[in-house]
Amino acid sequence: MTYRRYLIAVIAMTVALVVLALACLVFGSVDIPVERIIDILSGRGSGNKAWDIIILQSRIPMIATAALAGAALSISGLLLQTTFNNPLAGPSILGVSSGAGLGVAIVILALGGSLGGILGENLGSYMAILVGALLGAGVVLAVLNAFSAIVRSNTMLLIIGILVSYLTSSVVQLLNSVATEEGVHNYVAWGFGNFSGVSVAQMPVYAGIIILALIGAALMVKPLNALLLGTRYARNLGINVPMTRNILLLITGVLTAVVTAFCGPIGFIGLVVPHIARISLGTSNHARLVPATILAGADIALLCALASVCNPHGIIPINAITPIIGVPIILYIIINRRRIQYFN
Amino acid sequence: MNDNAIFTTRDLAVGYRNGKNAVTLLSGLNLTLEKGQLVALLGQNGAGKSTLLRALTCDERPLEGTIQVDGRNLLEMSQKDRSRIIGLVSTERIQAGALTVTELVGLGRQPHTGFLGRLDDEDREIVHQSMVDSGIIGKANEYVASLSDGERQKAMIARALAQQTPIIILDEPTAFLDVASRIETMRLLQTLAHDRGKAVLLSSHDISQSLMLADQLWLITTDRQVLTGTPGDLIKAGAMDHLFENRSIHFNPSILDYSF
């Protein structure tokens with residue numbers, strides 16, 4: 001019964017992924033006829049150099065970037081929700097994205113305008129940003145992990161996450177006040193969130209790290225399911241709880257940091273998509289939840305990407321779109337929590 | 001030493017650590033669990049029932065002493081090995097409402113499954129049988145969220161059974177249940193001990209049920225001794241009068257409970 005529902009959901013999500021990816025290929029600020037796009041994809045070229053470049057070096061990388069970012073943030077959210085036993089946990093609400101953002105800010109503002117764009121083609125500079133993001137996310141996760149042992153209340157942990165976000169943004173403001181104008185400009189542009197920041201040359205690093213971390217998450221299905229019963233039961237089932245938590249937080253940190261470094265601090269996707277997956281599958285079983293969360297995350301991110309390019313007056317920032325999708329879903333979940341199985 | 005003994009504590013001391021200071025609640029404990037016996041742990045609130053159980057399940061390190069299982073020291077075993085010896089039913093809140101009962105009970109197979117936790121035909125058969133034995137098979141495909149408290153407790157017991165451990169330890173398994181479910185749960189645990197040869201240890205506030213159904217009692221007295229014996233022997237020895245500090249209530253053997 002539930003297995004059939006799983007199959008139907010996974011097939012629907014996969015079809016949606018293909019449709020959304022094709023839509024992102026066809027729609028954009030420049031109109032390119034579909035026949036020409038087919039020509040470009042089949043390697044014949046459209047005869048229009050600009051169109052070739054737009055499709056091959058802008059739209060295709062953007063589709064891959066968005067799909068991977070959505071999957072990565074959603075899996076981060078799922079792992080945080082299970083690790084902290086808190087359905088409202090997510091990388092942005094717990095301050096993990098802000099932590100990564102602070103790391104990015106320090107690197108961007110320290111290097112000032114020398115970056116040449118948000119993420120320069122220069123390998124050294126974007127590696128520095130990546131390392132900054134990883135360290136920032138890591139520090140926040142370590143703080144959350146320490147506090148989660150002290151404060152048992154779920155709400156308190158969320159408040160700590162929000163406090164961490166405030167703290168990081170005030171540090172960023174302080175940094176801004178001493179940074180060069182170009183550095184500040186780069187940082188502000190990065191903060192809007194966008195899926196066009198990964199170039200073809202950077203794609204192997206971006207995609208490689210995310211795919212490895214997603215595989216890592218898929219291999220943690222057994223301890224994740226044990227953690228649904230709480231730490232004492234998990235221990236009784238033979239799970240090494242501290243080690244498991246550390247691995248899960250490491251995977252979360254890597255996924256959030258990579259996405260944040262390249263795409264900016266993107267809110268709501270990580271919080272909302274695990275709920276979309278649970279509700280559409282009707283299960284908390286991670287063996288099914290992990291694949292469905294990856295697919296649904298990619299779908300939602302592509303939907304946001306599509307919405308962002310469908311404006312004739314220019315690109316809409318991703319962070320202006322995610323709350324419009326995310327907030328109604330969270331409200332629905334909060335209002336209906338008594339009728340949703342996984343809260344009971 | 002008795003052949004059926006599978007679990008023995010030697011000079012065990014339990015308590016909690018408060019910074020650098022250790023506060024001892026119970027000490028010098030030499031307790032034994034036997035195959036096929038239902039043991040009830042009784043004591044007033046704060047006497048140390050949960051602390052003792054947490055030490056026995058290795059959730060907290062005891063302050064002193066050892067726990068021997070089949071000649072091995074439980075405290076030095078890996079988590080994995082321990083998970084095949086003791087099955088736990090605790091009062092911890094679980095987030096498993098969106099699992100079916102079958103999936104929940106299937107988690108009990110984790111100590112026996114591979115890296116990804118996939119169940120094979122044999123595992124599924126054991127899960128099925130555990131649900132039959134606990135009387136929850138009728139709800140096998142229902143969500144855990146839809147169960148009553150009593151049914152949920154049966155499902156958790158089925159989960160512990162699927163773990164196939166010789167020992168099952170339950171922390172107040174009847175605490176939130178109505179009378180009917182309480183009796184049903186205690187009967188089930190008695191059957192598991194007597195018919196399946198499990199060593200079952202539970203803590204309880206339900207004095208009369210425990211006296212009627214348990215083979216052995218562990219009584220934590222007000223002066224922090226743990227008295228052990230059959231219910232009949234302990235009643236005869238007057239041990240029941242040392243369970244509560246409140247002097248205005250007395251144990252009444254004719255109703256197997258306390259009265260004013």
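The model is predicted, so local features need pLDDT of at least 70 and side-chain atom pairs count only at pLDDT 80 or more, while totals for chains, interfaces and linings use all residues. Residues are numbered from 1 along each chain as its sequence is written, and chains are lettered from A and ligands numbered from 1 in the order in which they are written.

**Exercise 1. The two chains**

Solution. 
Step 1. Count the elements, where helices (H or I, at least four residues) and strands (E, at least two) are DSSP runs numbered from the N terminus.
Step 2. Consider burial: a residue is buried if 20 or more other C-beta atoms, placed from the backbone, lie within 10 Å of its own, exposed if 12 or fewer, and partly exposed in between. Buried residues form 52% of chain A and 45% of chain B.

**Exercise 2. Two helices**

Task: How do helices α2 and α3 of chain A cross?

Solution. 
Step 1. Find the axes, which are lines fitted to C-alpha atoms over the stretch in contact, with angles from 0 to 180 degrees between N-to-C directions. The axes of α2(A) (residues 34-41) and α3(A) (residues 49-83) come within 10 Å and cross at roughly 70 degrees.
Step 2. Classify the angle: under 35 degrees is roughly parallel, over 145 roughly antiparallel, 65 to 115 roughly perpendicular and the rest oblique. The two helices α2(A) and α3(A) are therefore roughly perpendicular to each other.
Step 3. List the contacts, for which C-beta atoms placed from the backbone must lie within 7 Å. A:Arg36, A:Ile37 and A:Ile40 of α2(A) meet A:Trp51, A:Asp52, A:Ile55 and A:Leu56 of α3(A).

**Exercise 3. Two residues**

Task: Is A:Leu79 buried or exposed, and which is the case for B:Pro253?

Solution. 
Step 1. A:Leu79 lies in helix α3 of chain A. With 33 other C-beta atoms within 10 Å, A:Leu79 is buried.
Step 2. Leaving aside neighbours within four places in sequence, A:Leu79 is in contact with A:Ala217, A:Leu248, A:Ile251 and A:Thr252.
Step 3. B:Pro253 is placed in the loop between β12 (250-252) and β13 (257-259) of chain B. B:Pro253 counts as exposed, because 11 C-beta neighbours lie inside 10 Å.

**Exercise 4. The contact between the chains**

Solution. 
Step 1. Chain A gives 27 residues and chain B gives 26 residues.
Step 2. On the side of chain A that touches chain B, the elements giving two or more residues are α9 (221-227) and α10 (231-236) of chain A.

Technical notes: Two residues are in contact if their C-beta atoms, placed from the backbone, lie within 7 Å.
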